[in-house]
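Have a look at the sequence and coordinates first.

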Amino acid sequence: MKKGFLFVFILSLGIISTCFANEALLKEASAGNAEAQFKVAALYATGKLGNKTSEDRKKMFEWLEKSAEHNYLKAQETLCKQYLDRCNFEGAYKWAKKAMEQNSNIGKATMAYLLYWGENVVPIDKVKAYSLIK
């Protein structure tokens, strides 16, 4: 009986500490910390904040955008991939361009794809696309 109580007590401490950690992270993110904003986005993406609803996906993108606007490279690269996967080529272009400014290979690869296929975002330029991936 004591072991069961102890297990529940320890489990509840873990949940409480996670809640406090998430609150602290949200506070940092709200204050403009780009890395914290990226981590909040990741929590929404994995369902550790929210309930894995479409609203949580929207919040994930909001936090990613905030982080990327603060020039956080991981957020810019993640947005390149996310927008490309969703066929939002304008979004992919925007973040690929910014990521390339930081010499990101993901940014270069995304831009190469857009230059190769065009996707009504940029004029097709296969030579430039090849030069980006070499």
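Let's start with glutamine 82, which is found in helix α4. This is a predicted model, by the way, so keep that in mind for everything below.

Is glutamine 82 buried or exposed? Glutamine 82 counts as buried because its relative accessibility is 19%, and the cut-off for buried is under 20%. Setting aside residues up to four places away in sequence, glutamine 82 touches Met60 and Phe61.

Helix α4 runs over residues 73–85, and glutamate 77 lies in it too. Which residues does glutamate 77 contact, once neighbours within four places in sequence are left out? Those are Ser104 and Ile106. Glutamate 77 is also a curious one for anyone who cares about charges: it is buried yet has no salt bridge. The nearest side chain of opposite charge belongs to lysine 81, and that is 6.1 Å away, whereas a salt bridge calls for a distance within 4 Å.

Now for a couple of cysteines. Cysteine 80 counts as buried because its relative accessibility is 0%. Cysteine 87, on the other hand, counts as exposed because its value is 53%, with the cut-off for exposed at over 50%. As for bonds between sulfurs, the count comes to zero disulfides.

Here are the accessibility values side by side:

| Residue | Relative accessibility | Class |
|---|---|---|
| Cysteine 80 | 0% | buried |
| Glutamine 82 | 19% | buried |
| Cysteine 87 | 53% | exposed |

The chain has 134 residues, and 34% of them count as buried. Its accessible surface comes to about 8800 Å², with 59% of that belonging to carbon and sulfur atoms. On the contact side, take the pairs at least 6 apart in sequence: 38% of those contacts join residues at least 24 apart.

Finally, a word on confidence. The average pLDDT of the chain is 86, and 84% of the residues score at least 70. Where does pLDDT stay under 50? That happens over residues 6–17, and for this stretch the model has zero contacts beyond four places in sequence.

Conventions
Residues numbered from 1 in each chain as written. Predicted model: local features only at pLDDT ≥ 70, side-chain atom pairs only at ≥ 80, totals over all residues. Heavy atoms only, no water. Helix = DSSP H or I, 4+ residues; strand = E, 2+ residues; numbered from the N terminus. Buried < 20%, exposed > 50% of the residue type's maximum accessible area, 1.4 Å probe, protein only. Lys, Arg positive; Asp, Glu negative; His and termini not counted. Contact = heavy atoms within 4.5 Å. Areas by Shrake-Rupley, 256 points an atom, 1.4 Å probe, with all protein chains shown as cover. Disulfide = S-S within 2.5 Å. pLDDT = per-residue confidence, 0-100.
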